[in-house]
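Hi,

Here is the structure I said I would pass on.

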Amino acid sequence: MEQLFSKIVAAVGGDKAAPAKDYWVDDSKCKTCYECETPFSMLVRRHHCRICGRIFCANCTMTSAPAGKGEAPPGQSWQRICNYCMFLRNLRSQSGHYHGN
């Protein structure tokens, strides 16, 4: 778990690629948005945050950030991320570091 956390911290800062999709929450195990708890349906789609791998509705993943080094598929330089990962990314860019690192 600590190794995954380290990878996520590096990805939030844009220093390294986000963890592989192996760490993503399984679609079948998530019935509601992780942030706002809106139930998923045919009209409310699931979206994985490309940094933490949790599942959100479109409203809670409206932000995007530049893909980490070596992470973006050809022609895609931005990735969908959740509000919390964007908050952490902005915090890091303002302070230059995370507490404890």
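Below are the notes, starting with the whole chain and then going residue by residue.

First, the ground rules. This is a predicted model, so local features need pLDDT of at least 70 and side-chain atom pairs count only at pLDDT 80 or more, while totals for chains, interfaces and linings use all residues. Residues are numbered from 1 along each chain as its sequence is written, and side-chain values use heavy atoms, with hydrogens and water left out.

On confidence: pLDDT is the predictor's own confidence in each residue, from 0 to 100. The chain averages 78, and 65% of the residues score at least 70. Confidence is lowest in helix α1 (residues 2-12), with a mean of 57, and highest in β2, at 96. Where pLDDT is low, the predicted coordinates should not be read in detail.

The chain has two helices and four strands, in the order α-β-β-β-β-α along the sequence. Helices (H or I, at least four residues) and strands (E, at least two) are DSSP runs, numbered from the N terminus. Of the 101 residues, 34% are buried; buried means under 20% relative accessible area, exposed over 50%, and partly exposed in between (1.4 Å probe, protein chains only). The accessible surface is about 6,800 Å², with 55% of that belonging to carbon and sulfur atoms (Shrake-Rupley method, 1.4 Å probe; for residues, only the protein chains shown count as cover).

Now the core. The largest nonpolar core has 15 residues, and C49, F56, I81 and C85 have the most contacts inside it. β2 and α2 (83-95) each supply at least two residues of this core. By nonpolar core I mean a set of buried Ala, Val, Leu, Ile, Met, Phe, Trp, Tyr and Cys residues joined through side-chain atoms within 4.5 Å.

T61 is worth a look. T61 sits in the loop between β2 (55-56) and β3 (63-66), and its relative accessible area is 2%, so T61 counts as buried. The T61 side chain reaches the backbone oxygen of C57 at 3.1 Å, and a 2.9 Å polar contact joins the side chains of T61 and R80. A polar contact is a pair of N or O atoms within 3.5 Å; within protein, one must be able to donate a hydrogen and the other to accept it, and residues adjacent in sequence count only if both atoms are side-chain atoms. Leaving out residues up to four places away in sequence, T61 touches H47, F56, R80, I81 and C82, where contact means heavy atoms within 4.5 Å.

A65 is in strand β3 and is also buried, at 1%.

Searching the whole structure turns up two aromatic pairs. One of them, Y34 with F56, is edge-to-face, at 5.9 Å centre to centre and 80° between the planes. Y34 lies in the loop between α1 and β1 (47-48) and F56 in strand β2, 22 residues apart. Rings of Phe, Tyr and Trp (its six-membered ring) pair if their centres lie within 6.5 Å; planes under 30 degrees apart count as stacked, over 60 as edge-to-face and the rest as tilted. Y34 is exposed at 51%, whereas F56 is buried at 1%.

Cheers
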